[in-house]
Every structure is written in structure tokens, then in C-alpha cells.
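This note sets out some points to consider while reading the structure below. Please keep the model in view and locate each residue as it is named.

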Amino acid sequence: DDILDFHVYGLYEAADGRFEPLGAASYEPDSLPALDEGVLGATYQRGESFKVDDVTANDVAAPDQSSFRSAVSVPVGDDFVFQAISADPGAFTTSDLELTELLVRHVEEAFDRLDREREHRRTREQLEAVVDNTTAMVYIKDADGRYELANEQFREALDVPNDEVLGRTDFALQDEDVAAAVRANDRRAIEAAHPIEVEEAASWG
């Protein structure tokens with residue numbers, strides 16, 4: 001059985017005072033509705049989901065086609081609305097609406113994850129650009145002592161490419177006695193929870 005019994009559907013973005021259909025599969029009305037028009041507008045303005053059993057008996061509905069009789073409409077984030085529309089009255093149940101809301105939440109979570117990943121990449125690229133253009137050796141380690149970032153000056157001192165530094169500890173890169181002393185200083189900084197100043201010897205393996 002179909003999960004949702006609809007005839008057309010669409011994902012719409014609020015842009016420039018109108019709803020723009022996204023993707024080739026989204027139904028495109030003859031004229032783009034305004035942001036305060038119909039069930040789309042109510043969903044967007046109120047940030048609430050709607051289940052319309054019969055558009056002819058609904059004061060808010062303003063269907064684009066006379067054949068449209070029922071719909072579910074769900075906000076997606078702050079700027080999007082998803083709608084499924086049927087030519088049959090009462091085509092959608094409360095369970096259909098709840099399922100649509102669940103699917104939309106998964107989509108929102110995916111969008112949020114992509115946004116976080118993009119922001120993380122952007123921040124990392126900016127940080128790498130800064131640290132690669134300083135004359136000092138700069139690196140970042142995680143709590144277990146693995147290198148997460150190492151600038152060009154640091155890599156040149158080790159005479160190893162970046163992919164041989166990241167994810168490794170000093171025990172893989174330096175003599176064991178030196179690596180143990182460096183790790184001890186790392187733990188002191190972690191426990192102190194503030195910067196410390198030390199002099200460290202280096203002996204690259």
C-alpha cells in the first residue's frame with residue numbers, strides 16, 4: 001500500500017514574497033501563491049501543520065485547481081513547506097499527517113547536519129589558512145594526543161606530509177622518551193584547563 005495517497009505534492013520555499021516550488025517533481029501552480037495565501041501561507045506563517053479534509057469546507061484553503069479536495073501541509077524549518085494534495089476528499093488520516101511530520105523531521109535533521117558539516121569545513125579551512133601563513137609552528141591535538149591539525153612549518157620540521165601527521169600521536173612521530181615528556185605536558189595543560197608555558201625537546205623518528 002502507498003504510504004500517502006496523494007495526486008500531487010511539492011516542497012515550496014518562501015522567497016521574494018512568494019512560494020517557489022523546489023525540484024522537478026514539485027507541483028507548480030499556475031501562479032505562485034503569496035506567503036499569506038491559502039494553506040501554504042497558513043502553514044508558513046504559523047509554523048503549524050494542517051490536515052484539510054475538504055477544501056470546499058475550509059475557510060483558509062485556496063486551491064490552485066478545482067479538482068483538489070484534500071491536503072496535508074507541514075512546515076520544513078523556517079523557510080519551506082511540504083504539501084501533499086489529493087483529488088479525493090478525506091484522503092489523509094491523522095496518522096498520515098503524523099507520518100509526514102516524522103519524515104519532515106528527518107529531512108530537517110539532515111539539513112542541520114549538512115549545515116554543521118559545511119560550517120565545520122569552512123572554519124577549518126579558514127583556520128588552516130591562518131596557521132599556514134605564520135612563521136610559528138602551530139598544531140592542534142585531541143584529548144588523546146592525536147594531531148588534528150598541523151601547519152606547514154610544523155610539517156616541514158617533521159619532514160612528513162600532512163596525511164602522515166593527522167591522526168597520529170607523538171609516539172608515532174618522535175623518540176619514545178621525548179614523546180612521553182610531550183604527552184606529560186599535554187596532560188598538564190588539559191588538567192589545568194588553561195595555557196601553560198614549557199620548553200620541549202624534539203627528536204623526530
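Contact, as the word is used in this note, means heavy atoms within 4.5 Å. The model is a predicted one, and the points below should be read with that in mind.

1. Overall make-up. The protein contains five helices and seven strands. Read from the N terminus, its elements follow the order β-β-α-β-β-β-α-β-β-α-α-α.

2. Overall dimensions. The radius of gyration of the protein is 28 Å, whereas a compact globule of 205 residues would have one near 17 Å. Along the principal axes, the C-alpha atoms fill a box of roughly 80 × 35 × 30 Å.

3. Surface and contacts. Of the 205 residues, 31% are buried. The accessible surface amounts to about 12,800 Å², and carbon and sulfur atoms account for 47% of that area. Among contacts with a separation of 6 or more, 40% are between residues 24 or more positions apart.

4. Helix H2. This helix covers residues 94-131, which is 38 residues. From its first C-alpha to its last, H2 reaches 55 Å, close to the 56 Å expected at 1.5 Å a residue. Which residues of H2 are buried? They are Asp96, Leu97, Thr100, Val104 and Val131.

5. Strand E5 and its partners. Strand E5 (residues 80-86) is mostly covered, with six of its seven residues buried. Strand E1 (residues 8-15) pairs with E5 in the antiparallel sense over six bridges, and Tyr9 stands opposite Ala84 in E5. E4 also pairs with E5 in the antiparallel sense, over seven bridges; here Val74 stands opposite Phe82 in E5. E4 and E5 form a hairpin with three residues between them. Gly77, in the turn of that hairpin, has a positive phi of about 65°.

6. Tyr27 and Phe68 are both buried.

7. Why is the pair of Tyr147 and Phe154 tilted? The ring centres are 5.3 Å apart and the planes are at 40°, so the pair is tilted; an angle under 30 degrees would count as stacked, and one over 60 as edge-to-face. Tyr147 is buried, at 3% relative accessibility, and Phe154 is buried with a relative accessible area of 3%. Tyr139, Tyr147 and Phe154 together form one aromatic cluster.

8. Most residues other than glycine have a negative phi. Asp16 is not a glycine, yet its phi is positive, about 55°. Asp16 is placed in the loop between E1 and E2. Is Asp16 buried or exposed? Residues count as exposed over 50% relative accessible area; Asp16 has 81% and is therefore exposed. Ala193 has a positive phi of about 60° and is not a glycine either. Ala193 is found in the segment after helix H5 (176-192), and it is exposed at 68% relative accessibility.

9. Glu200. This residue lies in the segment after H5. Glu200 counts as partly exposed, at 35% relative accessibility. Which residues does Glu200 contact, leaving aside its neighbours within four places in sequence? Glu200 is in contact with Tyr139, Val182 and Asn185. Tyr139 also belongs to the aromatic cluster with Tyr147 and Phe154.

Notes
Residues are numbered from 1 along each chain as its sequence is written. This is a predicted model: local features need pLDDT of at least 70, side-chain atom pairs count only at pLDDT 80 or more; totals for chains, interfaces and linings use all residues. Side-chain values use heavy atoms; hydrogens and water are left out. Buried means under 20% relative accessible area, exposed over 50%, partly exposed in between (1.4 Å probe, protein chains only). Rings of Phe, Tyr and Trp (its six-membered ring) pair if their centres lie within 6.5 Å; planes under 30 degrees apart count as stacked, over 60 as edge-to-face and the rest as tilted. Helices (H or I, at least four residues) and strands (E, at least two) are DSSP runs, numbered from the N terminus. Two strands pair if DSSP finds at least two bridges between them. The radius of gyration is taken over C-alpha atoms; the globule rule is 2.2 Å times the number of residues to the power 0.38. Accessible areas come from the Shrake-Rupley method with a 1.4 Å probe; for residues, only the protein chains shown count as cover. The expected span of a helix is 1.5 Å times one less than its number of residues.
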